[in-house]
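Please keep the model open while going through them.

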Amino acid sequence: MAFVSSAVGRRVVALGLAAMLFLSVGTGVAAAQSFEGGAGSVVVGPDETYDSIQGFAGSVIVRGTVIGDVSTVSGSVHVTESGEVGGDVSAAAGTVRIDGVVGGDVSAAAGTVEISETARIGGNLESGASYVSVDGAVEGDVTAGAETVVLGPNAVVGGEFRYDAETFRQDPAASVAGGVVRDDGIGSDAGPDFAEFAVPAWLGALYGLFVNLLLGAVLLAVFPAFSTRVADRVAGSPVKSGGIGLLTLIVVPLVLAVLVVTIVGIPLSLVGAFVFGVTAWIALVYGQYAVGAWALSLAGEDNRWLALVVGLVGFAVLGAIPIFGGLFQFVAFLLGLGALALALRETYRGREEGAAGGRQTTLDESSGDARAA
């Protein structure tokens, strides 16, 4: 009984870590008087005042007041009619809509940018998008690069309106003090400088290492014996594992591509692509873990947790080497993918043999995880 409780307990803890892993990019609503970081949605209520908004979010909605700047990468940004931003709005988003007041400049790279008739921008508007509509007041200049640019009847531009678009429509009632000029050199480069939103390379690498270590810990805790078998496959048959991995990498995408051309197969292809993506991630972690286990075995050490750290940290360091780092990681991925495929096939055969013997063998029994737990 104690054995069962211990095994179940470890699985519960591991699954809890897995939940944290996949919910770490989950949604949240900012509640402080300023926002910096990441969240699912950032909402400034009608009676709220924020100092500034900076970071990543699923959506940013300003119904109240932001004293400073709004700088964000998000799915959508909306300054409503009651909203007011004292500083600049710099956004890379799917849609950007301004219905309220922005005291500074608006710089947007988006699929759609709309400046409605109730909007008032105190500075300049610079936008790169698929569709740009300006129907409000802009005290400065407007620079717009898009497939379609619309200058509406309520537009009042204090400076010059410079655009580059395949389709341009200007309502006769629109007012542009500095004139309207077509500039073919703008293209779609207008908008915010993405460098200000960029995450430092070292921080991205550190986060990736942490997430991979967390996934590896979950795999080792929930499937200890299966994980050992994958590592043994890599150590015992590296050429075979790598070959099977390469074959899997070629065949699976081809099968998914064939499913796409059939109406019935489209849902299956979407599900299959998601499953294969997750499998590829698991294979990468398994491959690096397996190489770490092999390296420790040469030193006479047998510790799966240490092997996980050595493998993943080692490949993170190797990944910093130009060209060759990526090659090393790709080889580890192929080894992990092939060993994972072989181990899964062996587990499936074990279940079939168990069923033929009168009782279907469970995954834990066929992989030996119940004994290892």
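The points below take up the basis of the values and then the salt bridges.

1. This is a predicted model, in which local features need pLDDT of at least 70 and side-chain atom pairs count only at pLDDT 80 or more, while totals for chains, interfaces and linings use all residues. Residues are numbered from 1 along each chain as its sequence is written, and side-chain values use heavy atoms, with hydrogens and water left out.

2. The structure holds nine salt bridges, a salt bridge being a side-chain nitrogen of Lys or Arg within 4 Å of a carboxyl oxygen of Asp or Glu.

3. One of them joins arginine 97 to glutamate 114, with the closest N and O atoms 3.3 Å apart. Arginine 97 belongs to strand 7 (residues 89-98) and glutamate 114 to strand 9 (residues 106-115), so the pair ties together parts 17 residues apart in sequence; strands (E, at least two residues) and helices (H or I, at least four) are DSSP runs, numbered from the N terminus. Arg97, Asp99 and Glu114 are linked in a network of salt bridges.

4. Glutamate 346 forms a salt bridge with arginine 229, the closest N and O atoms being 3.2 Å apart. This pair links distant parts of the chain, with arginine 229 in helix 3 (residues 224-236) and glutamate 346 in helix 7 (residues 324-356), 117 residues apart. Glutamate 346 also meets arginine 233 in a salt bridge (2.8 Å, N to O).

5. Arginine 229 is buried, at 15% relative accessible area, whereas glutamate 346 is partly exposed at 39%; buried means under 20%, exposed over 50%, and partly exposed in between (1.4 Å probe, protein chains only).
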